[in-house]
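Dear colleague,

Please find the structure below, handed over for your study.

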Amino acid sequence: MSLPSEAMRGTPPGILLLRALRGKDWNLRTYRYMVLLITFMAYACYHATRKPTGIVKSVLCPDPHKHATEAQGWSPFNGPEGPSRLGEIDVAFLACYSLGMYVAGHLGDTLDLRLFLTTGMMGSGIFVALFGMGFFWNVHEFWFYLSMQMVAGLFQATGWPSVVAVIGNWFGKRKRGLIMGIWNAHTSVGNISGSLLAASVLDHGWGWSFMVPGALIVFGGIVVYLFLAAYPEDVGFATIHSVGSDVMPESLVPVDDEEAPEGKCAQRQGSMCRRSIGLAEACMIPGVIPFALCLFFAKLVAYTFLYWLPFYLTQTEIGGEYLSVKAAGNISTMFDLGGIFGGILAGYLSDKLDARAITAASFMYAAIPSMLLYRCYGSVSMTINIALMALTGLLVNGPYALITTAVSADLGTHSSLRGDSRALATVTAIIDGTGSVGAALGPLLTGFISTRGWNEVFLMLTIGAFIAGILLTRLVIAEIAEKSGQNLYREQQNSGAQPLLQEQR
């Protein structure tokens, strides 16, 4: 099963050290669990560094009528244009993130994913921390905060294409929706961790809300560099396309034999030999464009909650009281907690039904009444607010998680690809990059629309969810037709078997 040692030129140094200390190597099952754990931790760190801006919004731009006893904000965000400027900060980050995603996806299919991911995590940590240093350096120039967010967005773009490509390198298609649905909990775990970390140190100064998550992702980058095996070949195993299913855990099986590339693919040597396809070729893979456009609106909705929910909670009377900034940050984690279950449920249902588009569209349509109920009845009591918040998180994050994980991995290894070309990172970048444009637009529009009232913001969110579902209509119809044809075929087979049985009797 093991490859010759000269084929293992990309072996991470931490694994080499552990091998020397143990005197023996791990089996394939252990390496797979290690890859799941490290990539889970890595992307949780990415998301943890995106939460501080949402947590500190009410400190930088407090409402003078509802928080008169708190600090009077931080220039340049504490004036009448404060919400708009905070929205511009969000869109600057997400615009650079979405643009960088297209480049990062192509590079991820070409370069060593371990080193690429390490560089992205280190750079993200540095510039997130520099944003927080504005507090300690007493910086009040808008351009400083804007530029820090823009550079941080470029580094953050390295994360998602890389971790999805690594998972695709190690895991096959069967039960991919469920496995990646569980694994995708890193998004919500990162959001929750980032919210709790940022809120816990907020009393010491808002700068610490950026410094602590920034240090966390730098530490995560070190772990990735030392221990992440981006390809099975890097630790001495053959590519999963050539491994028999008898060595796999039942739920962690290799890619099907018919998906195996031909020719010189079998001679690839992990990190040291990669070839990717172009963006135009990747866009021609069936399903890429519809899912990418759907994710545009799905992330518009999800990221509006990500960046503005804590601020919304401080601005809304709940059970006759207004929440403090710290309490709002803590309670907003219930949205992400619901998102964990949403990702798992969407993945499970899509595997069970073998219908990615039907599952994603159904969740988006169901999110519409959920958001309206949250807006109308969330102010009645804290209990109702939390319950509706968690339900909304489940329905909003479910399709978002499904499309960015299992769907992207499915399309990145689509049967239309030829030769040894692998499009995992490229396809992931196209889909999530397009979605990130929506993620940038949602918070930006919210910064302007919220000055007119939150009813208008929720109207925007419901329209976005509806359009997201509509964009999958063609794929939904195709899946329904496919399943109808399968059912008809089974009925014909059964009806044809009855006369045969009677003749035999």
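Predicted model: local features only at pLDDT ≥ 70, side-chain atom pairs only at ≥ 80, totals over all residues.

Is Ser 58 buried or exposed? Ser 58 is buried, because its relative accessible area is 3%, and buried means under 20% relative accessible area, exposed over 50% and partly exposed in between, with a 1.4 Å probe and protein chains only.

Residues are numbered from 1 along each chain as its sequence is written, and side-chain values use heavy atoms, with hydrogens and water left out.

The chain as a whole

The secondary structure of the chain comes to 19 helices and zero strands; helices (H or I, at least four residues) and strands (E, at least two) are DSSP runs, numbered from the N terminus. Of the 505 residues in the chain, 58% count as buried. The chain exposes about 20,200 Å², with carbon and sulfur atoms supplying 64% of that area; accessible areas come from the Shrake-Rupley method with a 1.4 Å probe, and for residues only the protein chains shown count as cover. Among contacts between residues at least 6 apart in sequence, 83% join residues at least 24 apart, where contact means heavy atoms within 4.5 Å.

Around helix H3

Ser 58 is found in helix H3, which covers residues 52-60. The side chain of Ser 58 makes a polar contact with the side chain of Thr 314 at 3.0 Å. A polar contact is a pair of N or O atoms within 3.5 Å; within protein, one must be able to donate a hydrogen and the other to accept it, and residues adjacent in sequence count only if both atoms are side-chain atoms. Leaving aside residues up to four places away in sequence, Ser 58 touches Phe 311, Thr 314 and Val 325.

Salt bridges

The structure holds four salt bridges, each being a side-chain nitrogen of Lys or Arg within 4 Å of a carboxyl oxygen of Asp or Glu. One of them joins the side chains of Asp 90 and Lys 57 (2.9 Å, N to O). Asp 90 lies in helix H4 (residues 82-108) and Lys 57 in helix H3, so this pair ties together parts that are 33 residues apart in sequence. Both Asp 90 and Lys 57 are buried.

Another salt bridge is formed by Lys 299 and Asp 432, whose closest N and O atoms are 3.0 Å apart. This pair links distant parts of the chain, with Lys 299 in helix H12 (residues 288-315) and Asp 432 in helix H17 (residues 424-449), 133 residues apart. Lys 299 and Asp 432 are both buried.

Asp 351 also forms a salt bridge, with Arg 356, at 2.9 Å between the closest N and O atoms. Asp 351 is partly exposed, with a relative accessible area of 25%, whereas Arg 356 counts as buried at 12%.

Cysteines

A disulfide is a pair of cysteine sulfur atoms within 2.5 Å, and by this rule the count comes to zero. Cys 294 counts as buried at 0% relative accessibility, while Cys 376 is exposed at 52%.

Tyr 377

Tyr 377 lies in helix H15 (residues 356-377). At 46% relative accessibility, Tyr 377 counts as partly exposed.

Yours sincerely
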